[in-house]
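This briefing covers one predicted protein model, and the sequence and structure follow. Please keep both in view while reading the points below.

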Amino acid sequence: GGARGGGGGVGGDGQQENLFLGALRVLLGPTSKRHLRQEALWVASNLAAGSLEQAAAFVGAGLVTPTAELLVTGFADARKEAAFALCNLASHGPGFMQAVLECGAEPGQGLGGVGRRGGVLAQYVELVRSPVADLSVLCLQMLELVFRNVTGAQQMIEALDGIDALESFQFHANEELRGRANFLLDTYYGETYGLEGEEDTQLQSPFGGGAATEEYPAWRVQAS
């Protein structure tokens with residue numbers, strides 16, 4: 001069928017909104033059937049890509065945790081949809097990025113304590129190598145948002161073997177993937193990386209959609 005509208009169902013009557021978000025949380029959970037969970041992820045992704053109010057409702061309803069759990073433990077189709085949803089959410093700004101990256105961390109660990117396998121950021125570094133091109137592009141966009149909005153992002157992504165992941169695209173046949181990965185390598189891991197007194201590099205991405213202050217970028221037009 002054609003593309004379904006984004007974020008429908010939130011922003012009207014408060015009681016209906018709570019029922020909608022509560023049902024969505026249940027459908028994202030482990031007791032839900034796989035095809036229903038996938039539909040719920042699609043709705044969640046569109047909600048996260050909507051207005052600031054809709055994104056705040058996503059966080060307030062407790063949808064980040066079940067979405068992140070599907071990113072970590074789900075089947076390939078669920079991991080992909082969850083990756084889109086959380087990236088959509090993080091694109092709204094640093095506060096939303098923090099909610100995404102800190103999800104699943106042990107209390108007091110903060111961002112740096114997220115495990116290699118378990119953490120949300122680790123999933124994006126892993127999935128950047130996906131053979132599915134649009135998922136790889138999405139993960140590169142997410143990493144750029146992390147670089148721009150999270151203190152210590154270079155060291156965190158390096159610790160997750162992110163440099164190796166980015167370097168794997170240096171001679172890639174796909175021009176967009178190659179360009180995005182090389183831009184991130186040159187910008188954040190250039191010759192001055194690791195030198196004392198190095199200032200944070202904030203070049204403007206030639207690909208757009210990097211700065212959290214911009215309007216939500218039109219990364220995703222999905223027909224289903």
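The buried residues of helix 7 are covered by a set of elements that includes helix 4, helix 5, helix 6, helix 8, helix 9 (153–159) and helix 10 (162–167). Covering here rests on contact, meaning heavy atoms within 4.5 Å, and helices are DSSP runs of H or I with at least four residues, just as strands are runs of E with at least two, numbered from the N terminus. Residues are numbered from 1 along each chain as its sequence is written, and side-chain values use heavy atoms, with hydrogens and water left out. Because the model is predicted, local features need pLDDT of at least 70 and side-chain atom pairs count only at pLDDT 80 or more, whereas totals for chains, interfaces and linings use all residues.

- Helix 7 is largely enclosed by the rest of the structure, because 7 of its 8 residues are buried; buried means under 20% relative accessible area, exposed means over 50%, and partly exposed lies in between, with a 1.4 Å probe and protein chains only.
- The buried residues in question are Val120, Leu121, Ala122, Gln123, Tyr124, Val125 and Leu127.
- Arginine 79 is located in helix 5 and counts as buried, with a relative accessible area of 12%.
- The side chains of arginine 79 and glutamate 126 are joined by a polar contact of 3.3 Å, where a polar contact is a pair of N or O atoms within 3.5 Å and, within protein, one atom must be able to donate a hydrogen and the other to accept it, with residues adjacent in sequence counting only if both atoms are side-chain atoms.
- Between arginine 79 and tyrosine 124 there are 45 residues in sequence and 10.0 Å in space, taken C-alpha to C-alpha.

**Helix 4 and threonine 67**

- Helix 4 is mostly covered, with 7 of its 10 residues buried, namely Val64, Pro66, Thr67, Ala68, Leu70, Leu71 and Val72.
- These buried residues pack against helix 1 (14–27), helix 2 (34–48), helix 3 (52–60), helix 5 (76–90), helix 6 (94–101) and helix 7 (120–127).
- Threonine 67, which belongs to helix 4 (residues 64–73), counts as buried because its relative accessibility is 0%.
- A polar atom of the threonine 67 side chain lies 2.7 Å from the backbone oxygen of leucine 63.
- Once neighbours within four places in sequence are left aside, threonine 67 is in contact with Leu28, Leu41, Phe58, Ala82, Ala85 and Leu86.

**Nonpolar core and aromatic residues**

- The largest nonpolar core has 64 residues, and Leu101, Tyr124, Leu143 and Tyr189 have the most contacts inside it; such a core is a set of buried Ala, Val, Leu, Ile, Met, Phe, Trp, Tyr and Cys residues joined through side-chain atoms within 4.5 Å.
- Helix 8 (residues 133–149) gives the most to this core, contributing 10 residues.
- The whole structure contains 3 aromatic pairs, where rings of Phe, Tyr and Trp (its six-membered ring) pair if their centres lie within 6.5 Å, and planes under 30 degrees apart count as stacked, over 60 as edge-to-face and the rest as tilted.
- The pair of phenylalanine 147 and tyrosine 189 is edge-to-face, because the ring centres are 5.7 Å apart and the planes stand at 75°.
- This pair links distant parts of the chain, with phenylalanine 147 in helix 8 and tyrosine 189 in the segment after helix 11 (175–188), 42 residues apart.
- Tyrosine 189 and tyrosine 193 also form an edge-to-face pair, with ring centres 4.8 Å apart and planes at 85°.
- Tyrosine 189 is buried at 12% relative accessibility, and tyrosine 193 is buried at 19%.
- One aromatic cluster is formed by Phe147, Tyr188, Tyr189 and Tyr193.

**Cysteines**

- The structure holds 0 disulfides, a disulfide being a pair of cysteine sulfur atoms within 2.5 Å.
- Cysteine 139 is in no disulfide, and the nearest cysteine sulfur, that of cysteine 87, is 8.0 Å away.
- Cysteine 139 is buried at a relative accessible area of 0%, and cysteine 103 is buried at 11% relative accessibility.

**Confidence**

- The chain has a mean pLDDT of 81, and 75% of its residues reach 70 or more; pLDDT is the predictor's confidence in each residue, from 0 to 100.
- Over residues 106–118 pLDDT stays under 50, and the model has 22 contacts beyond four places in sequence for them.
- Over residues 209–224 pLDDT likewise stays under 50, and the model has 37 contacts beyond four places in sequence for them.
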